[in-house]
Amino acid sequence: MNLQDLYAISPQICMIVLGMLLILFDLFFAQKILLRPLVFIGLLGIFLLNVFLWVNIDSNKSIDAFSNSLVLDEFGLFFNCFFIGVVFFIIFISQDYIKSSKAKSEYYSLIIFSATGMMLLTSSMELISFYIALELTTLPIVALVAFNRDIKSSEAGVKFLILSGISSALLLYGMVILFGFTGSTLFDDIANIISQSSISNDKALLFSSILLISGFGFKISAAPFHMWAPDVYDGAPMPITSYLAIASKVAGIAILLRIIYSIFHVNINLIGSWSEILIVLSILSMFLGNLIAIRQTNIKRLIAYSSISHTGFILIGVISLLVIVSESGVSNSLDAASSVIFYILGYSLTNLALFTTVTIITNNINSSLIDDFSGISKISPVLAFTLTLVMISLIGLPPTVGFFSKAYIFNAAIKADLIWLVLLGLINTAISAYYYLRIVKILYLEEPSDNLSINFNYNQKLFVISTLVLIFIFGIFPRPLIDLSYIVVNILV
Amino acid sequence: MAFNGLISATVFIPTLGALVIAVLLKKNSHVFLFARFVALLNLILSALVLFSYQISESTDKFKLVDKYEHWIPFDSFKVQYYLGVDGFSAPLILLTGLLTAVAIFSSKNITHKIKQYFICLLLLETAVMGVFSSLDLFLFFIFWELELIPMFFLIMVWGSGRKNYSAMKFLIFTLISGALILFGILMLFASTKTFDITLLPSLIKEESLLIPMSIMFFVFFIAFSIKLPVWPLHTWLPDAHTDAPTAGSVMLAGVLIKMAGYGLIRICIGLFPESVSEYSFIIVILAVINVIYGAVITMRQTDMKRLIAFSSVSHMGFVLLGVAAFSGSYDDKVTGLVGASLQMFTHGTITGLLFLLIGYIYEKTHTRYIPHMGGLVHQMPRLSVALTIAGVAALGLPGTSGFISEIIIFIGAFPVFSWFTAIAVFGVVLTSAYILWMIQRIMYGPKLDRFEKTLDASVYEMIPVILLIISILFVGLYPSFITGIFKNGIIQIIG
């Protein structure tokens, strides 16, 4: 270990330190009022550190650390910033939820530990650090899901624990097979050894790919590995649901991209079979997610299924990336990779607005049944309008950011000659409109129940309106986001 | 980058007006006044568009061009902000301005959610104007989808009857048509690397397309057929028209379904002329089915609004017939397409007027069920005169605009498909039957006691009616003004 190693993972180290400080703080000070400012200042500091690193890094080079097992590059730094932003957001919308809780500092530090795991995950280049980062991501979430400690929440926590244990086991088994064949844990080493020897068509390798993808499928809640999502989303506290829907999914996609590219840089023919497996996942996710979402009456379960279907759309981008690379080389895949990042950005932005509004509404009406949302437009036009725009963005209609991200991903898929996949995606867009707009209808058409009132403070209002404006602005001028997504993937390609 | 500004203003002033209504205005009476002001302003602007198009001396294909190339500048996805008009779109923009003004002026009895109502109408105007003036396919598509949300809400919130069902049906049909268009334009982009309508015709060649041109043609053709609507994809239209509020029906019949006709000529004929000629046989069969089937179904309707809605199906069949003439000689092509575009314009004014009048009658008698009506001429002389004029225009009486457009279509289509045109002409007979029968059942006959206290339309209510009647008679008596403009546009599209 030398200074460069520490330099490379300084954001992660700072996050861990912040998390520990919070627990210590709780131990020594009875005053809880300073806790939130401390969290915010700490996160801001780490965010600035990331920005500082980003400014100082050479945009075409990456810094390897710990004998190539971790890496510092623009891709990782972007996701560091992204996860810090998401944590910031989660803590922001938790304020009503956490007010009555006694374990405030544990709540905050668990979120921060999990985010640290994600930050490590997106910068790992090797199986073991990848696995450890993954566990660091998942285990705090288990505790957070069960944080309410009532029967529903505990059930969700246990369910998540068991199923994520199984998926980790699958991943680990896949890794063991790889290690057994190659004797190395570094992604590019493994790719190198496999492409040089005669085992590249071995059935066991295919088996290990399937195991790895199953593990991934679980993390990004792609069908048929989605079974946990509805129950866990439903049982978890609302802020944690949003953490699962945004950060957890994005982390999975990010490391998938990193692995794909580190293999592709060695040999572009190695993971051709992945695209076929992923196509199955993508189609299943889109159709299952959308069709089951139609029947949902609980907003959290509906969000769960809708996020499953969005996984399917993101996978379309990943598949087109794989196809383009295996047909015409790594350098042509920039557009496809950036379309995935752009979709992630649009999806996250929309989900930020979705979860803020839904959290405010469910807190006020003490129910997460969609039918109880009736007539919100009369009580709070701002929330109703935001939710409407969010739904339009989730469907992918103009003038919202969701429209451009969908069009962009379809454009990438057409370039990869996946015309029929685009058609399936379009069919799903039409299906999804049905249940998204049903919510809009309930918001606007039905009469509110008598004693309904919605209170939310100035900060929340400001946040809701700013997300609303952003969804709208990026729906008309998407260029900054597209530019950003090109910058992010540039180093991978 | 070229910037004239007039067309951008015409497209976006309604949005601006909607924003002002949303944010600044508090009192309902102000909302009414301001919405009318914006509608009137835009009517003047859209007339100005047509006028500046006429006097413009530039020899470019498209005039009044507003262009900004670097909206989304990536090579992999290059979208421009590119608006402009030619002879084909300029009259349709005027039509949109006219009918939105009519819709807004006629909605004075809206009682709930007044702000949102006018916001929806104004956004709808932006979307339709945008569709008619976009010269970039992606921009075209954005406006095309933008139309969906306001119309959906207009039906669902201010509609009547089975409004939820109709709104959902409208939504799903439109989304499918939108999905097909998106698919089509992305495929075109993948083959030609541009969304620019002015460049595409020269770039599209059979060998450069990813999938065969005929399939591309059918993708767009089906998408536009849903919106036009063409049998058997027309089933959303009667429901949506019937359950929409009056202004919604006026917009829907007057301009929204014209977007499909516009797309058919601008995109299908403009980009895939060979395929249109090749498959004109299918188009003409569909056209005849539309005309005859639509007319026969219309005969059986007992709900006034539904009756007019089905008559739109029949009238849109004539547009399709004009398009089918594309497989003929050059002169037949031009005549058929000029007829088709004129039919779009006249159908907009005539059916807009019919829906408006029927909305008035419904408001005053509280029924749309034709067998319950009769003898209304005694109580509402003004409305019955107007309805008679609109009716005879719809059935194509010489002197009205309906006659001109239908005769031009027949002249264009007859040399190409004599027998089919002959059958379609028979549709005019059916039209006369159902229109005259409807007027007779509603307006004439013995005076009924239950309508004793029913009032006639007020002078204010007659303003939009008279405006539309003037436009119908003007086109009917002096058609060469507007056919000349359409002809310029059509000749350029055919090339």
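Begin by selecting chain A and chain B together: the count of salt bridges between them is 0, a salt bridge being a side-chain nitrogen of Lys or Arg within 4 Å of a carboxyl oxygen of Asp or Glu. This is a predicted model, in which local features need pLDDT of at least 70 and side-chain atom pairs count only at pLDDT 80 or more, whereas totals for chains, interfaces and linings use all residues. Residues are numbered from 1 along each chain as its sequence is written, chains are lettered from A in the order in which they are written, and side-chain values use heavy atoms, with hydrogens and water left out.

Next, display the boundary between the chains. Here 37 residues of chain A are in contact with 35 residues of chain B, where contact means heavy atoms within 4.5 Å. The two chains bury about 3,100 Å² between them, 83% of it on carbon and sulfur atoms; buried area is the accessible area (1.4 Å probe) lost by two parts on being put together, summed over both.

Now select helix H19 (419-445) of chain A, one of the elements that give two or more residues to the side touching chain B. Helices are DSSP runs (H or I, at least four residues), numbered from the N terminus. H19(A) supplies the largest share of that side, 13 residues.

Finally, move to Leu455(B), in the loop between helix H18 (418-443) and helix H19 (459-477) of chain B. Leu455(B) is exposed, with a relative accessible area of 61% (exposed means over 50%, with a 1.4 Å probe and protein chains only).

Conventions
Buried means under 20% relative accessible area, exposed over 50%, partly exposed in between (1.4 Å probe, protein chains only).
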